[in-house]
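Please have the sequence and the model open while reading.

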Amino acid sequence: MLGHLIRKEILDHILSLRFLMLSAVGALIIWLSLFSGYGYYQERLREYRLAQAMTYDSVCGEKEAGTLRLLASFSVPRDRLLMGKLIGALIPTLTVFGLSLTLGIAGVFAMPDIQFTGSELARLGWTLVACGLYLTAFTCIGIFASCLARQAATSFVLLLGFWALSVAVLPSLSLIAADALRPAPSVHEYQAELSRLNMENLEKRRHLRSQWQKEHSRPGEEWWKTPQGQEAFWLYYTRSRDVTEESAKPLRARVEESFRNRYKARLDLAVLLARFSPAFALKNALVRLAGAGLDRQRRFEEVYRQHKERNEAWYRGASERSRLRQVYPAKYGKPQWDVSDMPRFAYRETWPGGDVQTALMDVGMLILWGALFFLGAYVAILRYDLR
Amino acid sequence: MFGRLVRKELLHHLLDFRFIVVFTLCALLSALSVYVGGRNYGRRLQEYGEVSESTRQALQKTSLSKGRLWDLTWVGIRWHRRPEVLSPVVYGLSGALGQEVNIKYQQPSEFEASPFETDPTYALFEVLDLAYIVKVCMSLAVLLFTFDAICGEKEGGTLRLYASFPVSRSRLALAKLVGCTVAIWAPFVFSFLLVSLALAISPGMGLQAADWGRMIALTGVFGLYLTVFAAFGLWGSALTHRRMTAFLALLSLWAVWVFVVPNLAVDIGRRLAPAGSSFDLQKQVGTMHWETRLNQASEKRTYYQRNPVKDWSALSTADRQVIQDALSKIESRWDAEYHARLGDMQKERRNRLRRQQRIAVFLMAISPLGAVSYASTDLARTGFMQQERIEDAVNAYLISLSQYVQEKTRMALGRTFEGVDLTDFVWFTYQDNDSLGQCLSRNAFHILNLALLAVLGFAGAYVAVLRYDVR
């Protein structure tokens, strides 16, 4: 009997004008987004709206049309009725969107510059799973709303309210709560503090340098008049620079670490609270799986920071050698720049498993939402007045 | 009779459960958007004040008071852009555009440190502003009100009764159009009043008369946008005989208008009129900059070869001044060449971008979203136009800074490290003098586009109602 119910629901959907129109619009949007690089979030927004549009009247619509009474007169328990409706709505929804998405991705694969590694393909697979779970969750939400309302229009209004809360209200409130509970300094405050430290350091160096210059500017012993004098100046310059830098480094590191930790704490709390929104949970999952989020940025910045330190050390050494050659060529040789040993920046993207694990938490949240609303729909349909 | 018919339509909508839910939702979202937007604006304004002041003080203390012209040349001046006061209403491009620029002698100015870049949290969480609520949520809500205005009454059987009144069909049609439109304006106007009240009583906002003028204009533009959806909602309802069909058709139209057309138009515009990336421009400018510097250095070397100086300290002040004047002339000439070529490159790119935008705007004319986005961001000063004006002002200041540095270098006889008189240094300031009238005339095409779409929708709905089979 369940099989018959499912078949009836599937046929109801796929033979309806609604299904054709929504499928056409959904496919168009998916392909457009894939080929023009449109944002993930907007695409998910359209997809789940369309999924809602498939299910918002699955129960109350039949009641309005008068067929629910007939359906309920069959010797089928209500939970099977619900299961039939859920599966009957899910199969065409997932088929249409899955097919559109798969065809679109196949088209992207066919483009000349696109190459996926095994790890990236696995992440793409998880992305499709996350999208499927998201659509399932919203199908359940649609059925739940349909079970709560008596009219299709009322059901859609309830879903619109839920969508607004999920997409707009909850993430905003999460950020407000995180700002209140774990405030972090702004980037400007952090940069102003670093700038202050740098200026102090620079002033100290200038002061040391100008002192040395005064001490070595006695008439007849001006430092700038002989190569040995200039050599001594540049060696002192380099030494004083290195000493002041060494003393400033731990202070700078402390400021950087404090800022990074407080920023991360705020962001983590905001994400944790916003995860209760299915829309945000999906977005967070997809961003991590695609490597388009902050974690990848942080990994890149760390590698870049290490390279910058190596590069600065190289530059200091190379410019010191060049300067000494300019002021004292007899001792150090002809002035020239040799960049053959300059450190080159190379970044190799790593795909840590931690990203996938975190994304799976968001996927779990979607499963939870789906289960919750399915349970809600189950309770609602048991109490539903079919007359 | 007409008044009664309109009243009937109004009451039908206003007393509907849908209306109450949507009204509440719009009010809640508007209040939240202005609270969040106001908070962000307040924080950014405070940061702007602190950072601008500390930057100014640092430069004054370490460089200007000590006469270090060298710092102006090699370190530059950091200028911070003030956040826009209407950004809580229309966030526009505020998040994506850089808020700081380092103005340095002989260097192109690049805006950097956009809010999304400095605090990517907002890129992840997205900014909720009133423009988003109107463009996405309210437009959908309007379709929800209007999709069954005609066909719903037919399905319910009341349309036949309605049409049996001794009133001409055209009056009935007009009454429906007017009643529905006024009903959808109610939650929108209430939301806008709520936002305006919140902005007025917020301590840190400080809206001026010009800003309130722009708020009123924004109300008109957004209202026109929603009217387009109301008109087409009624038209869709009058073309069908079943509510479901009307709803689906209008939902598809909404999806195409809000998501497909704007993005497709931008994509086609980019393909038909490619403008190159900003990195290409940076590379070209960088190459040109180095060419100019090398040519300048080469000319100076030639000068020194023709006029060798064995011991600078042995020269008289007059001789040093002659040499410095000659070097300054060389620098001025190459500076002028650099700024002229830089201006040409920037103008060329801007023209290409504008061509792209024109194509996109033309293609987007069939969707109201493109028109309302361009008009609203321009009115709120969070769009392309404001950024272009600031860039022009910065470039003009860069030229005057170059002339100032050259003159001071010449007077200091090349000794720029310390002791130069910089008391007459002028800071860069920017004031947006764009009037509301200029802004509206610039956006006349977009506003007209919205008006025409509304007229088209109403005309279509009117004709469809006149021909509607009420049985």
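In this predicted model, a network of salt bridges links B:Asp211, B:Arg214, B:Asp378, B:Arg381, B:Arg389, B:Asp432, B:Asp434 and B:Arg442.

## Selected salt bridges

| Residue pair | N to O distance |
|---|---|
| A:Glu231 and A:Lys331 | 2.8 Å |
| B:Glu153 and B:Lys176 | 2.6 Å |
| B:Arg341 and B:Glu337 | 3.8 Å |
| B:Lys66 and A:Glu203 | 3.5 Å |

The closest N and O atoms of A:Glu231 and A:Lys331 are 2.8 Å apart. Because A:Glu231 lies in helix H10 (residues 227-274) of chain A and A:Lys331 in helix H13 (residues 329-332) of chain A, this pair ties together parts that are 100 residues apart in sequence. A:Glu231 has a relative accessibility of 8% and therefore counts as buried, the cut-off for that class being under 20%.

In chain B, the salt bridge between B:Glu153 and B:Lys176 spans 2.6 Å from N to O. Here B:Glu153 belongs to helix H7 (residues 151-156) of chain B and B:Lys176 to helix H9 (residues 169-201) of chain B, so the pair ties together parts that are 23 residues apart in sequence. Both B:Glu153 and B:Lys176 are buried.

The salt bridge of B:Arg341 with B:Glu337, at 3.8 Å from N to O, sits within one element: both residues lie in helix H13 (residues 317-363) of chain B, four residues apart, which is about one turn of the helix.

## The interface of chain B and chain A

How many residues of each chain take part in the contact? On one side there are 52 residues of chain B, and they are in contact with 57 residues of chain A. The size of an interface is often given as the accessible area lost when the parts come together. For chain B and chain A the buried area is about 4,800 Å², and carbon and sulfur atoms give 73% of it. Within chain B, the residues that lose the most area to chain A are B:Leu124, B:Phe125 and B:Phe259, which together make up 14% of what that side buries.

Charged and polar pairs also cross this interface, where the rule finds six salt bridges and, with both residues at pLDDT 80 or more, eight residue pairs in polar contact. The elements of chain B that give two or more residues to the side touching chain A are helix H2 (17-64), helix H3 (69-74), helix H5 (121-125), helix H6 (130-146) and helix H11 (243-272). H11(B) gives the most to that side, with 16 residues. Sorted by class, the side of chain B that touches chain A has 33 nonpolar, six polar and 13 charged residues. B:Lys66 forms a salt bridge with A:Glu203, their closest N and O atoms being 3.5 Å apart.

If residues up to four places away in sequence are not counted, A:Ser186 touches A:Phe259 and B:Glu47. At 13% relative accessibility, A:Ser186 counts as buried.

## Chain A as a whole

The secondary structure of chain A comes to 14 helices and zero strands. Of its 387 residues, 48% count as buried. Among the contacts in chain A with a separation of 6 or more, residues 24 or more positions apart account for 83%.

An unreviewed UniProt entry places the feature "transmembrane region" at residues 20-41, 86-112, 124-149, 156-178 and 366-384 of chain A. Among these spans, residues 124-149 of chain A are 96% helix and 0% strand, with end C-alpha atoms 38 Å apart. Residues 156-178 of chain A are 100% helix and 0% strand, and the end C-alpha atoms of that span lie 32 Å apart.

Terms used
Residues numbered from 1 in each chain as written. Chains lettered and ligands numbered in written order. Predicted model: local features only at pLDDT ≥ 70, side-chain atom pairs only at ≥ 80, totals over all residues. Heavy atoms only, no water. Contact = heavy atoms within 4.5 Å. Buried area = accessible area lost by both parts, 1.4 Å probe. Salt bridge = Lys/Arg side-chain N within 4 Å of Asp/Glu carboxyl O. Polar contact = N/O pair within 3.5 Å; in protein donor to acceptor, adjacent residues only side chain to side chain. Nonpolar A, V, L, I, M, F, W, Y, C, P; charged D, E, K, R; others polar. UniProt positions renumbered as here; feature names shortened; annotations may be inferred. Buried < 20%, exposed > 50% of the residue type's maximum accessible area, 1.4 Å probe, protein only.
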